[in-house]
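Biologist: I would like to learn how to read a fold from coordinates. Please start with the sheet and then go on to the whole chain.

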Amino acid sequence: MTETAMNQRPAPTTFQPAVQALLRQETAALPGLTPAGLQSEAMLARRRRLMLALNLATLGTLLFGLARVLGAGGWTVADVLIFMAFLFGAPWTVLGFWNAVIGLWLLHGVKDGMARVAPFAAAGDVATPVAIRTAVLMTLRNEDPARAFRRLRVVKDSLDATGEGRWFDFFVLSDSDNPEVAAAEERLAAAWRREAGGARLTYRRRADNAGFKAGNVRDFCERWGDDYEVMLPLDADSVMSGGAILRLTRMMQAHPKLGILQSLVVGMPSSSAFARVFQFGMRQGMRPYTMGSAWWAGDCGPFWGHNAMVRIAPFRDGCHLPVLPGRPPLGGPVLSHDQVEATLMRRAGYEVRVLPQEMDSWEENPPTMLDFAKRDLRWCLGNLQYLKLLDLPGLRPMSRFQLFWAVLMFLGLPAWTLMIALLPLKVVEDRGLADYPSGLAAGLYLLFLAMYLSPKLAGVADILLRRGGVRHYGGGLRFAVSAAIEVVFAFLQGAVSSLRTSLFMAGLPFGRARIGWNGQSRDAYALSLATAFSGLWPHLLFGAYLFGSLIVLSPTVLLWSLPLTAGYLLAIPFAMATAQPQLGEWFVRRGLCGIPEDFDPPAELVAIRREDVAIRSEAAA
């Protein structure tokens, strides 16, 4: 069966008339305010001008210092190439630095930081009755059905435990084309409905994958959107607590001109060493970074495609994605749909906001470096498509900047690769200079490394400044060791990602890069030497070129370059080691790179862990 609707259209629910009438007042914002009346447009404009000035001044200072270093012996072709590559690669790091600095200041330097960034958040803490119907959507394509359904059941049970579960219906929207997977989905959906008396779950499978995930969600909006005010998209690995969902619902209810409200998504506890170290770093770094970026992005915030509340009517009517001109891979359906939908929602007159606060909103991260790379390349291709969307009519300047910035995030990676590739040539050109400004070069290098690490350092500072902060991470010693491990991990992983993305982008003009949407690996597993070598042999060659050249030309430069270059030579053993289940289990036993949920797991994650263990034990028996 290729198209299955396992229940009839949900019957309308009787709304509380007085509350519902209030919610339907879609009046225009007062003059000078954002659409939801949350902030002054002039104030946000001042913040954005300040961020622009800080970033331009910082970038200009770095470029001035770099020009002094490169031009010490006269400008060569290599100097010009390095300078231009830095111009493309540095802005992302500079903006990250200022986001982290401002975010840390808002978290600890002022008393009302959250009110300045997210004035809508207070509505989530007021225990007003829920009066809007919400559809909780889980989109699937050839994922492990049992795993996905278990997670969605946990979400439902958590919502029901709040006493407000009747306002939420659940949809499993499948694009699976594997017959065995599809049959398993249908069996699980039928079993759920039998147990629940046939209510509150709809399962639908499309005959094709038109429009990928975005097309899947649009199909829901066109078929069932009239029955609901808000939808909550979830990925197959998404989990949210009922309390977190209720908070977001009340914020959407209190502010009818909030179009998208994105929660801060964090990683779930994992037994994969790679995932543990990666999400440990993201956990600290995202909080100040997102706080800082939300301070100036304001009503033009991000959308990450899942774990977010979306108002259905303006999404359905105003966020239809265009089909891009040209042939794939850059033409055709939009792959990274979420950020485009955010800009279109703002164009439709609704605010897009992120709540920069941890609130029981989780996802699972890739268990190995190669799985991470697949996901990263899919984002890369999708973001590069934004080059064809920068001239969309009616977008706000901030929205166009968001699309451009998403492109620059990936364009900067081959720029860094080029700079590193030219390093041996630059050593040859400069080694005979008597007046080479080595002190300035070293200072710029160390300054830039500090700026590169600034979101992580701000995240560590945030934990240290919180009362009892390190206790949530297993204590001071565990936290310090974990932070040191993660810094080394970040440098090694950064080298691997930059070269892999550079090679991927080099193949785009030849049509060699094609990315699809399919099931992803979630659990820890070992990488064989053959698998790691087949995916990372270019890194080994590139690392051998760099190390072989620099050890002959200048061992000192090689030593200084190790934070940026060691990852190339170590890519294969690094990928294999971080994928080893035994290393992950050792990390778990020692509490290393643990997150707060490892040491004090909430009920939702306890339930998932219990069911996962039971399933594995049953399979082993």
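**Reading the sheet**

Modeller: The eight strands form an open sheet with mixed pairing, in the order S3-S2-S1-S4-S7-S6-S8-S5. Strands are DSSP runs of E, at least two residues long, and helices are runs of H or I of at least four, numbered from the N terminus. Two strands pair if DSSP finds at least two bridges between them. This is a predicted model, where local features need pLDDT of at least 70, side-chain atom pairs count only at pLDDT 80 or more, and totals for chains, interfaces and linings use all residues. Residues are numbered from 1 along each chain as its sequence is written, and side-chain values use heavy atoms, without hydrogens and water.

Biologist: Which strands stand at the edges?

Modeller: Strand S3 (201-205) and strand S5 (239-240) do; each has a single partner strand, so one side of each lacks a neighbour in the sheet.

Biologist: In which sense do S1 and S4 pair?

Modeller: Strands of a sheet pair through backbone hydrogen bonds, either parallel or antiparallel. Strand S1 (residues 134-140) and strand S4 (residues 230-234) are parallel, over five bridges. Val-136 has Leu-232 in S4 as its bridge partner.

Biologist: How many helices are in the protein?

Modeller: The protein has 22 helices, along with eight strands.

Biologist: What percentage of the residues is buried?

Modeller: Buried means under 20% relative accessible area, with a 1.4 Å probe and protein chains only. In the protein, 56% of the 621 residues are buried.

Note on methods
Buried means under 20% relative accessible area, exposed over 50%, partly exposed in between (1.4 Å probe, protein chains only).
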